[in-house]
Amino acid sequence: MKKATNGYDESRILGQGGQGTVYKGILSDNSIIAIKKARLGDSSQVEQFINEVLVLSQINHRNVVKLLGCCLETEVPLLVYEFITSGTLFDHLHGSMFDSSLTWAHRLRIAIEVAGTLSYLHSSASIPIIHRDVKTANILLDEDLTAKVADFGASRLIPMDKEQLTTMVQGTLGYLDPEYYNTGLLNEKSDVYSFGVVLMELISGEKALCFERPQTSKHLVSYFGSAMKENRLHEIVNGQVMNEDNQCEIQEAARIAIECTRIMGEERPKMKEVAAELEALRVKATKHKWSDQYPEENEHLLGVQTLSAQGDTSSSRGYDSIKNVPILDIEAGR
């Protein structure tokens, strides 16, 4: 690993955070990897690195960064991941490294991928998992702008003594569940809150926490909520995103974001419900675009669907024949 990073040269640093430094590594066969190196002398990092290995060993999902290997017996622990080429979602939304030209279609798809991943972690992993540090800096994008959720050092397997959830909190200001300040606990609904903030970032292009905004709007949840309440969402939506065709989609996505960030965790939806709503939004948008482009074909398809709903069950596979809407398999990430 030392050779692959040219002696952990500063020019190879991809990012730095609370859990150490991530380097770009080039192996002898020219394949590229990402190496996370703990800080020297920080014993708590060993525990976090071991925790990440335990958590990632339970996960097999296309939108989660793959752990390729680890070295936990040296003075400084190392974790080795697949290399994701296009940086973080934070970089694309707020940084100068990339041209921030994510279209609404890109943003909605990224939101769906992240929501589906969190739904999988909460509901379909072999042991349910809480991420506990969902934020745009922990969502990587590959060359196709496909989302890859990363950084599971703070994550927890759900079947455990809840008292332990009060330790090693890695939540980030701006994304941290407000209930944590009262209970000292993070749970599935905490991930829902954090995802709601990410969705607001995708819609607005604004940072989760910005001290350049007015005092009452420093937190994006307050800023976004006020705009929704006062019916001026269009004022804070990223200028490159909204157009005449997608206003209704963005408005609906904004409503979902507001629901995710309700103060009381019990009032927030589950990630499974959030993922289904966002996927349904994309299906509806795709259907609308298809009907605009091919009106005659759409009339024919609508006729076929009506017949299906009237009783031809053999041709209605994948449809709820009562509601005539797609049945969404949002957790098939394996």
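## Contacts of Lys135

Contact here means heavy atoms within 4.5 Å. In this predicted model, Lys135 is in contact with Thr172, Tyr175 and Val198, leaving aside its neighbours within four places in sequence. Lys135 belongs to the loop between β6 (129-130) and β7 (139-141). Its relative accessibility is 17%, and Lys135 therefore counts as buried, the limit being under 20%.

## Aromatic pairs

Two aromatic pairs are found in a search of the whole structure. Tyr8 and Tyr23 form an edge-to-face pair, with 5.2 Å from centre to centre and 65 degrees between the planes. This pair links distant parts of the chain, 15 residues apart: Tyr8 is in the segment before β1, and Tyr23 is in strand β2 (residues 20-26). Both Tyr8 and Tyr23 are buried.

Tyr180 and Tyr181 also form an edge-to-face pair, at 6.1 Å centre to centre and with 65 degrees between the planes. Tyr181 counts as exposed, at 52% relative accessibility.

## Lysines over aromatic rings

Lys37 lies over the face of Tyr8, 3.9 Å from the ring centre. Lys36 lies over the face of Phe49, at 5.8 Å from the ring centre.

## Residues with positive phi

Most residues other than glycine have a negative phi. Asn6, although not a glycine, has a positive phi of about 55 degrees. Asn6 lies in the segment before β1 (13-17) and is exposed, with a relative accessible area of 51%.

Asp151 is not a glycine either, and has a positive phi of about 65 degrees. Asp151 is placed in the loop between β8 (147-149) and β9 (156-157). With a relative accessibility of 22%, Asp151 counts as partly exposed.

Technical notes: Residues numbered from 1 in each chain as written. Predicted model: local features only at pLDDT ≥ 70, side-chain atom pairs only at ≥ 80, totals over all residues. Heavy atoms only, no water. Helix = DSSP H or I, 4+ residues; strand = E, 2+ residues; numbered from the N terminus. Buried < 20%, exposed > 50% of the residue type's maximum accessible area, 1.4 Å probe, protein only. Phe/Tyr/Trp six-rings, centres within 6.5 Å; stacked < 30°, edge-to-face > 60°. Lys NZ or Arg CZ within 6 Å of the ring centre and 35° of its normal.
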